[in-house]
Structure formats: structure tokens, C-alpha cells
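Take a look at the model first, then read on.

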Amino acid sequence: MLDSRQVTASAPGKTILFGEHAVVYGKPAIAAAVDKRAYVTISKREDHLTHVTVGDLGVSGFLDLKNRTIQLENGSGMQRGILEYILKALIKAKTEDSVEVDVRLDIPIGAGLGSSAAVTVATIMAAASFNQITLTNETMANLAHQVELDVQGAASPIDTSLSTYGGVIYLSKQPQKLVKLEIPHELPIVIGYTSTRGNTGELVKLVRQKKDARPEVINPILDSMEAVANGARQAIIKGDHKTIGLLMNINQGLLDALGVNTEELSKMVFTARNQGAMGSKLTGAGGGGSMIAYCPGREEEVVSSINQFERAFQINVAHEGVRLEKPRN
Ligand code: MEV
């Protein structure tokens with residue numbers, strides 16, 4: 001019998017505004033969901049196989065949900081990573097073999113916008129709905145974080161929380177301290193990104209090694225990052241552009257001190273400031289990847305200057321987190 005069930009869910013990517021790296025040690029961070037989404041469609045297959053296509057990455061493969069194995073069909077070993085998140089997300093949502101999974105990404109690849117977390121969260125929601133299971137947002141965020149921990153080894157819940165809840169979130173290690181910030185204005189943010197990608201796991205390890213070797217030097221830096229994030233929380237709520245910019249620049253200096261900045265990131269950071277951004281810093285793990293610039297009224301100038309040597313675009317906050325999409329006719 002033909003089974004016509006088909007479910008699509010989508011979830012937004014994110015950018016970290018304040019507190020990356022420090023968040024790994026229980027310090028607060030502030031991040032915003034961005035209006036670029038991952039779309040995951042799940043439908044029934046007539047055979048007993050599970051097949052996934054991520055067209056935007058040129059990756060496809062067969063998953064064996066029972067034995068937890070992946071057979072790559074197209075794509076390189078490096079791109080196989082995304083299939084691991086999908087495999088684990090399908091299992092968490094109690095999926096059995098015989099499904100077709102199609103992933104579409106609006107999120108630019110390699111821009112540090114948390115595409116793997118967005119894919120994971122959207123897969124959990126689509127699969128749960130396909131399996132007629134209702135999950136709360138809290139459960140979805142927790143399951144997605146477990147998937148990230150399984151695949152990456154170490155991760156704070158920041159990416160998966162943003163993809164689940166959307167908006168702008170202040171997060172510390174205790175889940176009860178996840179606070180959605182009500183902002184009365186759009187955040188004028190530009191993202192710039194290099195083609196060089198940092199390895200998050202390695203960079204987190206590098207900071208941990210420094211902290212272990214020189215706690216008397218690194219701990220005060222992490223404490224300053226905490227003070228920066230707490231000050232920024234108040235400034236964002238008030239829409240105090242000047243303070244947001246100032247704290248972003250201080251956060252950049254502190255991240256540089258941890259050793260995760262690069263020359264390419266610095267070039268974009270200073271270009272943005274020279275074009276009138278009130279603040280700019282690397283975002284995410286560093287070591288390549290992306291930066292953000294806070295530039296009220298100067299977005300176009302900042303985008304076009306960075307675009308002369310790297311890639312940049314303006315983002316808006318995605319106020320809605322993970323959601324089911326209406327079936328297309
Ligand atoms: C990476 O996007 C952010 C880090 O703080 C790591 C994490 O929070 O898992 C560097």
C-alpha cells in the first residue's frame with residue numbers, strides 16, 4: 001500500500017554575539033537565531049532502506065538505523081559528517097528504516113551559522129511528527145544537544161537552543177538560565193566569513209590546554225567575558241548601540257588573547273570598524289570562519305567593503321525557532 005505521509009520541518013541557524021568559548025566553562029553567552037533556515041523533509045519509502053540527500057552539499061547516502069551505520073553514496077569523507085547528525089537525530093526521534101530524508105539549506109555553508117545544529121533540530125521535529133510523537137521544545141533542544149555531544153565530543157547547548165527557540169537568547173550552563181531577550185528593535189548585524197574553517201573541537205581543546213597550563217592568566221579573561229556578556233544583555237534590551245559596540249570590541253580583544261583569532265578575521269574586523277561599524281568581533285569558535293559587525297545605518301558600506309576580499313551579508317533575527325512547514329501543493 002502506498003503511504004503518502006510526508007512531513008517538512010525547518011529550523012534557523014545562529015550567530016553568537018557574546019561569550020563563545022567562555023560558555024564552555026559555564027559563563028553566559030548571547031546568541032541570535034538568523035533568518036536562514038535548514039529544511040528537512042521526511043517521507044515513506046516502499047523498500048526497507050533509509051536514504052538521505054543534502055543537495056546543497058552534494059552529499060547523499062544510505063543509513064542503517066538499526067545498526068547505526070552510514071554508506072556514503074555521493075560526497076567526500078569530510079561532508080559525511082552531516083549524515084552522522086541526521087542518523088543520530090532520526091534514532092532519537094524513534095524512526096525505523098524505510099524513510100527518505102531530503103535536506104535543503106538556506107544557510108550559507110561554512111559561514112559559522114550553525115548549520116549542523118539547524119539540520120539536527122529540524123530532523124528531530126520532522127521525524128517525531130512523521131512518527132506521530134509530540135515533543136516539547138525543551139525535549140527537542142535536549143535531544144539535539146545530545147546528538148551534538150555524540151557527534152562532536154564537546155559542545156555547549158548554544159547552537160541547538162537557538163535553532164529550537166529562535167530569537168535572541170542569553171544562555172548559561174544551567175538550562176534554567178536560558179533567557180529569551182525581548183528586543184524592541186532589529187539587530188543591525190553583518191556577517192563576514194572566510195573560506196578557511198576553524199575546527200571547533202580543536203579550538204575548544206586549545207583554550208582548555210591554555211586554561212589548564214595558566215589558570216591564573218586565563219580565568220580572569222573568562223571572568224571578563226562574563227562581565228562583557230552581562231553588560232551586553234542590558235545594552236541589547238535597551239538598544240544602547242554604543243555600549244553594544246564597545247563590548248563587542250572588548251570581547252574581540254579577549255578572544256584574541258585566548259589565541260582563536262586569525263589575520264583574516266582581524267582584517268574583516270578592522271575593515272568593518274573603518275566603515276563605521278560600532279563594534280566587530282569574530283563569532284563562533286574562531287581559527288577562521290566568521291566575524292560579526294554591529295553597524296546601525298552602515299550595513300551596506302560594511303557588506304560591500306568586506307565583499308571586496310571575503311564574503312559578507314546582512315542578517316535579520318529569526319524570531320521563530322523550529323517549526324513544521326505546510327505541505328506544498
Ligand atoms: C562554537 O560555535 C562556540 C564555542 O563556544 C563552542 C561551544 O559553545 O560548544 C567555541
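Which side chain meets that of Lys-14 in a salt bridge? The partner is Asp-159, at 3.2 Å from N to O; a salt bridge here is a side-chain nitrogen of Lys or Arg within 4 Å of a carboxyl oxygen of Asp or Glu. This is a predicted model, where local features need pLDDT of at least 70, side-chain atom pairs count only at pLDDT 80 or more, and totals for chains, interfaces and linings use all residues. Residues are numbered from 1 along each chain as its sequence is written, and side-chain values use heavy atoms, leaving out hydrogens and water.

**Salt bridges**
- The structure holds 12 salt bridges.
- Lys-14 lies in strand E1 and Asp-159 in helix H4 (residues 158-165), so this pair ties together parts 145 residues apart in sequence.
- Both Lys-14 and Asp-159 are buried (under 20% relative accessible area, with exposed over 50% and partly exposed in between; 1.4 Å probe, protein chains only).
- Lys-27 and Asp-223 also meet through their side chains in a salt bridge, at 2.9 Å from N to O.
- Lys-27 is buried at 15% relative accessible area, whereas Asp-223 is partly exposed at 41%.
- Lys-27, Asp-223 and Glu-226 are linked in a network of salt bridges.

**Helices and strands**
- Helices (H or I, at least four residues) and strands (E, at least two) are DSSP runs, numbered from the N terminus.

**Cavity lining**
- Residues lining the largest cavity include Leu-17, Phe-18 and Met-248; a cavity is a set of points on a 1 Å grid over the protein atoms alone where a 1.4 Å probe fits but cannot get out, and lining residues have an atom within 4 Å of a point.
- Strand E1 (6-18) and helix H7 (241-258) each supply at least two residues of this lining.

Terms used:
On a 1 Å grid over the protein atoms alone, a cavity is a set of points where a 1.4 Å probe fits but cannot get out, and a pocket is an open set with protein on both sides within 12 Å along at least five of seven lines; lining residues have an atom within 4 Å of a point.
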